[in-house]
Structures are given as structure tokens and as C-alpha cells.
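Thanks for coming. I have one model to go through today, and I will keep it short. Please look at the screen.

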Amino acid sequence: MYSFVKPLLFALDPESAHDLTIASMARWGALCGAGQPKPGRSVEIAGLRFENPIGLAAGLDKDAEAVSGFSKLGFGHIEVGTVTPKAQSGNVKPRVFRLTEDQGLINRFGFNNQGVDLLVSRLKDHPYQGVLGVNIGKNKETPNERAVDDYVYCLTKAAAVADYITVNVSSPNTPGLRDLADAQRILEIIDPVLIARDSVTNRKGQRLPVFVKLAPDFSDDDLQQVLNALAQTAIDAVILTNTTLTRDGLTDVNQGEAGGLSGAPLTERSFHCLTLALDALRNQIPVISVGGIMSPEECQRRLQAGAALVQIYTGLIYAGPGLISGAIDATR
Ligand SMILES: Cc1cc2nc3c(=O)[nH]c(=O)nc-3n(C[C@H](O)[C@H](O)[C@H](O)COP(=O)(O)O)c2cc1C
């Protein structure tokens, strides 16, 4: 089926293809309701039960418009967002580019989203039975000194509609955001977020797990230090990685576009970050692996290496929904 749909989507510019996908998935969900996670190898982390280890990465359904539609692909979890306190339009278009020859994407969306209030209203009493994560960020106009207020605000608003919250300090498209993930500064965000977490519950009325999503562009030493800092806290998982600013080994004409690179060119870097994190955290904190997972075999490799869960974005665009069911079956 996807072999028929893909050429039609790829004939559109990438953002129009994305918007059409969201509209179609939203319609499908509205007509047919939410689907169940496809049974697979179940995983328990952070007090949450995942029916299978395959999740939808943040950024595809930023405003939680199509959770029911995406749930029909069988994901064990779906992460929506990144959402910010106030709606914002993001960077000027065009802001997403296919690197078809490299099986990659470059995006510089810049946290375009409709704001946390609308997201919360869409997710209220949502029937999705898989694990639902809400990924939170800061508004572009909020200075880094006050970024923590944005994270605490979004967490407090979204807690009641989420199973877990992800603190995104790794997007390359919001100026200065990655500075917040410096080993010296990350606890200035995480400690207050964890204090706020203690006064709310999640959508099941239970303790709200907090995950932290990191970039792939640290030196090994710097990543080690950030992980050491996080290991001293009560966060529940680390998600590695977001998109990369590096441009190694690309051939596609779009390689010079500014923004974060995802897909196949990220595979080995993301795997390296996973193994480094597993080593640094030594089972203290689970690691969720994302970045360049383009095949069921790559899912297996991440899980066999020790990832608790995996997430997929760009692979879905290139390989289609069969990747998700294939990966769930392969990792049984
Ligand atoms: C177009 C696009 C938009 C994204 N937006 C977000 C976002 O809003 N928040 C976030 O945490 N990650 C975002 N990501 C990063 C993905 O969640 C993922 O970490 C990254 O793309 C690597 O995985 P992949 O190679 O499977 O795409 C985005 C990725 C893409 C391609």
C-alpha cells in the first residue's frame, strides 16, 4: 500500500506532505476511533507498561491532532509535541527538506505549535490505550534565564493528559536551547521540573514520569558529564537522540540546508550515543534510543544493545507503516 502512497507524498513539498499526512491520520482516527498497541515484547519502565517497545518520536504529531490515527499503526507509545506555553509559528518556510539520496531529512521548523492549552484540550479523556508522552519546550521569545518557567508551566498543564513528560533540551532550531543541556546548567531546569512533578499526577492518577531528550552532538566527554549529572536526579529515562547539526558523508543536493538532520545519516551516531549512555548510566536510568532507525533489524540492534525502547520518525516517511508492524514482530 505504501508503495502507492509514497510517490504521491514525495511529489509534494515535504511540509505539504506532512500536513496531508496529519490531516489524513486525524480523519482516519475521527472516523474509526483509536487502535490498540500491537502486542509484542512488553516493557515496563517508570511504572508504565508498554505493550511493545516501538514508539512514535516527537515532532510528527506536534499538536496531538492525530493520536487515534497513528495509534492504528500499532505503536506501543506515542510522543506528541514539542509543545510550548504559547502558540508560535516557527521559522519561515521552506523549513523541511528531503535528502532522498541519503534517506534523511533536514528540518528547521523551530517548535511551530498551537500551544499547550489546545494540546491539552485535544488529549482530555483520550481513548488511546498505549502510553502517551507529551514533549515540552520553551517559547522562542523566552530567554534562557526564564526557560525553566516554560517547562514547569507545560508540565503542570499537560500532566493530567499524559502518561509521561519529555523535557526537550535538544532541538537545534530554537536559538540557545541546547545550552540548557550543558552539564553545569541542566539541573537548573531538571530540579525545578522534578519538584513540580511531585505535585501533580499523570492521566492514570499515578506518579508522572519525566524523561529528558538529548542531542547527538556532544563530545563523548560532555555527554558523559551530562549523563552523570542526570544520574544524580530522579528522572525516569533518557531519550537519545534528537537531530544532528553534523553533515558527514552526505551526497544529496539538500545537504547544505540549515537545521537538524535525521534518518539514515544519524544511525551510527545515535547508536554510539546509546552505547555511551548505557555505559555511563549502568542501568540506573533506562535509555530510549531514537535516530536513524530505518529497519526492523536496526530496532533489534538497539534493543539487543540495551535500549529499553526505541522511537521512529524519519524511517516512517521512507519505509512506511510496514516498518512499525515489522519492527514489533521482529523484536518479540
Ligand atoms: C520534521 C521533524 C520535526 C521534529 N520535531 C521534533 C520536536 O518537535 N521535538 C522533538 O523532541 N524532536 C523532534 N524531532 C526529532 C525526532 O523526534 C527524532 O529525535 C529525530 O528525528 C531522530 O529520529 P529519526 O532519525 O527516526 O527521525 C523532529 C524530527 C523531524 C524530522
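I start with Arg-108, which counts as partly exposed because it has 19 C-beta neighbours inside 10 Å; buried would need 20 or more, exposed 12 or fewer, with C-beta atoms placed from the backbone. Before going on: this is a predicted model, where local features need pLDDT of at least 70, side-chain atom pairs count only at pLDDT 80 or more, and totals for chains, interfaces and linings use all residues. Residues are numbered from 1 along each chain as its sequence is written.

Arg-108 sits in the loop between strand 6 and helix 4 (116-123). Helices here are DSSP runs of H or I with at least four residues, strands are E runs of at least two, and both are numbered from the N terminus. Beyond its neighbours within four places in sequence, Arg-108 is in contact with Asn-91, Arg-95, Asn-173, Ala-258 and Gly-259; contact means C-beta atoms, placed from the backbone, within 7 Å.

Now the ligand. It is surrounded by 26 residues, the closest being Ala-57, Gly-59, Ser-262, Tyr-313 and Thr-314; the cut-off is a backbone-placed C-beta atom within 6 Å. Strand 6 (104-107), strand 11 (260-263) and helix 10 (314-319) each give at least two residues to this shell.

Last, the helix pair. The axes of helix 8 (residues 267-281) and helix 9 (residues 296-305) come within 10 Å and cross at roughly 15°; axes are lines fitted to C-alpha atoms over the stretch in contact, with angles from 0 to 180 degrees between N-to-C directions. Helix 8 and helix 9 are therefore roughly parallel, the term for angles under 35 degrees.

How values were computed: Angles under 35 degrees count as roughly parallel, over 145 as roughly antiparallel, 65 to 115 as roughly perpendicular and the rest as oblique. Two residues are in contact if their C-beta atoms, placed from the backbone, lie within 7 Å.
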